[in-house]
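Look through the model first, then read on.

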Amino acid sequence: MNNKTLRTLLLSGLFALVGCRSSLRPADLLFHVSEVENAITAVTPAMIDHVAIIVSRDSVIEAVGKGVVTTPLDSLRAQKGHYLVGRVRRADRRKSLENARLYLGRNYDWLYLPDNDAIYCSELVLLSFVDGRGQPIFKSVPMTFRDSTGQIPSHWLELYERNGIAVPEGEAGSNPAELSQRKIVKILGKLP
């Protein structure tokens, strides 16, 4: 078990004991903690591989393989792994959700590129969340596709080679694990 997996398991266990300290609110974030390493968790700082935005007690908006969609919350609870609830400080919840809804129907961005019309999960959060003055809350960061050894795993090399482009190492972007660790996001506990 690597340090990243151990850290995520310890945090998850702590949150399981504490529980979600307050009820879910619209515009809270749900971070999926995977049980096994995958292409995303291999190159990010934790076992978190997805983020969704709570719309109501029953649904979320998320960017997944079928695009930006509204999904029943219960279908997330049925997935392997678990979700952590995050609350974005200083967010204008109403406007942030309005912004997220504007992207419904967009295609999923399988290439994780900043300059196209398709959107990936954490990019949806970056584009949607604003403060009370309408200013973006999250800034993009340089993305990395390198694992803990400094190598780019074959999954990413093959994906970009098939599409005739270079791996966008260092390009502006985000990932769900990195978003979960920002000071402006307060992790409240596991999704009940």
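## Strand 5 and its partners

In which sense do strand 1 and strand 5 pair, and over how many bridges? Strand 1 (residues 29-33) and strand 5 pair in the antiparallel sense, over five bridges. Strands here are DSSP runs of E with at least two residues, while helices are runs of H or I with at least four, numbered from the N terminus. Two strands pair if DSSP finds at least two bridges between them. Val-33 has His-82 of strand 5 as its bridge partner.

Strand 5 also pairs with strand 8 (residues 185-190), in the antiparallel sense over five bridges. There, Val-185 of strand 8 is the bridge partner of Val-88.

## A buried strand

Seven of the seven residues of strand 5 (residues 82-88) are buried, so strand 5 is largely enclosed by the rest of the structure. Buried means under 20% relative accessible area (1.4 Å probe, protein chains only). His-82, Leu-84, Gly-86 and Val-88 point one way. Tyr-83, Val-85 and Arg-87 point the other way.

## Lining of the largest pocket

The lining of the largest pocket draws at least two residues from each of strand 2 (48-54), strand 3 (59-64), helix 4 (121-128) and helix 5 (154-162). Helix 5 gives the most, with three residues.

## About the model

This is a predicted model: local features need pLDDT of at least 70, side-chain atom pairs count only at pLDDT 80 or more, and totals for chains, interfaces and linings use all residues. Residues are numbered from 1 along each chain as its sequence is written, and side-chain values use heavy atoms, without hydrogens and water.

Definitions and conventions. Buried < 20%, exposed > 50% of the residue type's maximum accessible area, 1.4 Å probe, protein only.
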